[in-house]
Amino acid sequence: MIDELLKLLALIITPDWGALIVLLPLFIAPLVLLWFFATGGGWSLVALTKRRAQLTYADATPTPPQRDAEGRPLYPAGRPYDARAAALYPVGATRSITGEPLLLACPGCSAVRLAEMTSCSACGMEIRVRPRVQIERPAGPPPGGAARA
Ligand SMILES: [Zn+2]
């Protein structure tokens, strides 16, 4: 009885370190997996619940141009326009609402060319304009909070 107790105590006090070291990956692997699942789940929650800005393209509707004293339309340089419909389009537009190519007067030399072209064939000025994007922010904080209390 005492011998068995001593053997059990010896097993606890002086364990077989070689066998325990071999088993070490079995203790560490679940901890690593748990860490991966916890951080992956946490970041997935952050990605799903994150508030984002809403992007909408700027209003692409044409506007009527200013006219001179004789009633002729004035097209400012650098703004695409449709001469047939006498309409000014926002910067970056290359096609009219009906799908026809827009014209653009070069801001450098006032030569008229297609708005699709990125460089002026007369003076070589390069114009690369990306379409404008408006960022809509919420008007106020989400409902609830102090107003609900
Ligand atoms: Zn030019």
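I looked up the zinc ion first: its 4 donor atoms subtend angles of 104 to 113 degrees, which makes the arrangement tetrahedral (four donors count as tetrahedral if all angles lie between 85 and 135 degrees). For reference, ideal angles at a metal are 109.5 degrees for four tetrahedral donors.

This is a predicted model, in which local features need pLDDT of at least 70 and side-chain atom pairs count only at pLDDT 80 or more, while totals for chains, interfaces and linings use all residues. I number residues from 1 along each chain as its sequence is written, and side-chain values use heavy atoms, with hydrogens and water left out.

I then noted the protein donors of the zinc ion, which are the SG atoms of Cys106, Cys109, Cys120 and Cys123, lying 2.2 to 2.3 Å from the ion (donors are N, O and S atoms within 2.8 Å of the metal, or 3.2 Å for Na, K and Ca; water is not among the atoms, so sites may look incomplete). Along the sequence I read their spacing as C-x2-C-x10-C-x2-C.

Next I looked up the largest nonpolar core, whose 6 residues are Ala87, Tyr89, Ala93, Leu102, Leu104 and Ala115 (a set of buried Ala, Val, Leu, Ile, Met, Phe, Trp, Tyr and Cys residues joined through side-chain atoms within 4.5 Å). Leaving aside residues up to four places away in sequence, I found that Leu104 touches residues including Pro80, Tyr81, Val112, Ala115 and Ile127 (contact means heavy atoms within 4.5 Å).

Conventions:
Four donors count as tetrahedral if all angles lie between 85 and 135 degrees; four count as square planar and six as octahedral if opposite donors are over 155 degrees apart and all others between 65 and 115; anything else is irregular. Buried means under 20% relative accessible area, exposed over 50%, partly exposed in between (1.4 Å probe, protein chains only).
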